[in-house]
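Please read it alongside the sequence and the coordinates.

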Amino acid sequence: MNQKDNNTEKTAQDSSAEVHEIEKAESAAKQKDSSDDDGKKEDNKVKSGKKEQKMESNDQNTELEKFFTDAIQDIYYAEAAIEQSLAKIKSKATSEELQEAIEDHELVTKKQILRLEKVFKHLGEEPKKKKCDAIDGILKEVDEMVKSTKDGSMTRDVAIIIGAQKVEHYEIATYGGLLQIAITLGYDKIADLLETTLDEEEETDHLLTEIAEEHVNFEAKEE
Ligand SMILES: [Fe+2]
Ligand SMILES: [Fe+2]
């Protein structure tokens, strides 16, 4: 073997060792990449797990979640104001049927207040009232309508029914909207609670329509 051949062989040995080294390095890098990927996947799993945990415990990290909590505080105030109004109005109704309907809805309203307290619990919040100008305005109007009618008249019942239905429609609009937001946010348990209340408000609205259309309006017409 001449010197040149010897050099060539050395070079060939060197490059073969180099290739081997590169392959080893690439394989190590691939393994690292794949373990990094697994790490990222685990990370994502942990993150999404955390998100699910937070689902119904409001950390107010989005505008919509904050808006939702504010709106729950608003309807919590409204329900308490409605309960007081119903307690005041029930004795002013002329017909026994309307008196009973209002008494029943007063009890239902008490349950709805407790249900909202459960909603606050799911949100991880203390129950808090936020002044609701809309319900204050509607209840003031109901009060004035009732006062404008004579004690013991069926026109009084007409006024109470129209007033109560204004309140029910405010509640139906509120609970209907809040239910859809709860579904959007993945607040499943809260959505169930709100849906129960929405159904009760709709039932009350239908019952009031029935009382008005079957008796009260006709009897008031005769006064
Ligand atoms: Fe209500
Ligand atoms: Fe109601």
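The model is predicted. The chain contains six helices and zero strands, and from the N terminus its elements run α-α-α-α-α-α. Of its 223 residues, 25% count as buried. Among contacts with a separation of 6 or more, 74% join residues 24 or more positions apart.

**Helix 2**

- Helix 2 has 27 residues and spans 38 Å from its first C-alpha to its last, close to the 39 Å expected at 1.5 Å a residue.
- Its buried residues are Phe68, Ile72, Ile75, Tyr76, Ala78, Glu79, Ile82, Ser85, Leu86 and Ile89.
- These buried residues of helix 2 pack against helix 3, helix 4 and helix 5.

**Helix 3**

- Helix 3 covers residues 96–123, a run of 28 residues. From first to last C-alpha it reaches 40 Å, close to the 40 Å expected at 1.5 Å a residue.
- The buried positions of helix 3 are Leu98, Ala101, Ile102, His105, Thr109, Gln112, Leu116, Val119 and Leu123.
- An α-helix has 3.6 residues a turn, so residues three or four places apart point the same way.
- The cover over the buried residues of helix 3 includes helix 2 (63–89), helix 5 (154–184) and helix 6 (188–221).

**Packing of helix 4 with helix 5**

- Helix 4 (residues 133–147) packs with helix 5 at an angle of about 175°, and their axes lie 9 Å apart.
- Because angles over 145 degrees count as roughly antiparallel, helix 4 and helix 5 are roughly antiparallel to each other.
- On the side of helix 4, the contact comprises Ala134, Ile135, Ile138, Glu141, Val142, Met145 and Val146. These residues meet Arg156, Ala159, Ile160, Ile162, Gly163, Lys166, Val167 and Tyr170 of helix 5.
- By class, the residues of this contact between helix 4 and helix 5 are 11 nonpolar, one polar and three charged.

**Packing of helix 5 with helix 6**

- Helix 5 and helix 6 pack at an angle of about 160°, with 8 Å between their axes.
- Helix 5 and helix 6 are therefore also described as roughly antiparallel to each other.
- The crossing of helix 5 past helix 6 is left-handed.
- The contact of helix 5 with helix 6 has 19 nonpolar, seven polar and eight charged residues.

**Ile75, a buried position**

- Ile75 lies in helix 2. It counts as buried because it has 25 C-beta neighbours inside 10 Å, where the cut-off is 20 or more.
- Leaving aside residues up to four places away in sequence, Ile75 touches Leu116 and Thr174.
- Ile75 and Cys132 are 57 residues apart in sequence, and their C-alpha atoms are 7.5 Å apart in space.

**Lys118, a partly exposed position**

- Lys118 belongs to helix 3. With 13 C-beta neighbours inside 10 Å, Lys118 counts as partly exposed.
- Lys118 and Leu193 are separated by 75 residues in sequence and by 8.2 Å in space, C-alpha to C-alpha.

Key:
Residues are numbered from 1 along each chain as its sequence is written. Chains are lettered from A and ligands numbered from 1 in the order in which they are written. This is a predicted model: local features need pLDDT of at least 70, side-chain atom pairs count only at pLDDT 80 or more; totals for chains, interfaces and linings use all residues. Helices (H or I, at least four residues) and strands (E, at least two) are DSSP runs, numbered from the N terminus. The expected span of a helix is 1.5 Å times one less than its number of residues. A residue is buried if 20 or more other C-beta atoms lie within 10 Å of its own, exposed if 12 or fewer, and partly exposed in between; C-beta atoms are placed from the backbone. Two residues are in contact if their C-beta atoms, placed from the backbone, lie within 7 Å. Axes are lines fitted to C-alpha atoms, for helices over the stretch in contact, and angles run from 0 to 180 degrees between N-to-C directions. Angles under 35 degrees count as roughly parallel, over 145 as roughly antiparallel, 65 to 115 as roughly perpendicular and the rest as oblique. A crossing is left-handed if the near helix is turned anticlockwise from the far one by less than a right angle, and right-handed if clockwise. Ala, Val, Leu, Ile, Met, Phe, Trp, Tyr, Cys and Pro count as nonpolar, Asp, Glu, Lys and Arg as charged, and the others, Gly among them, as polar.
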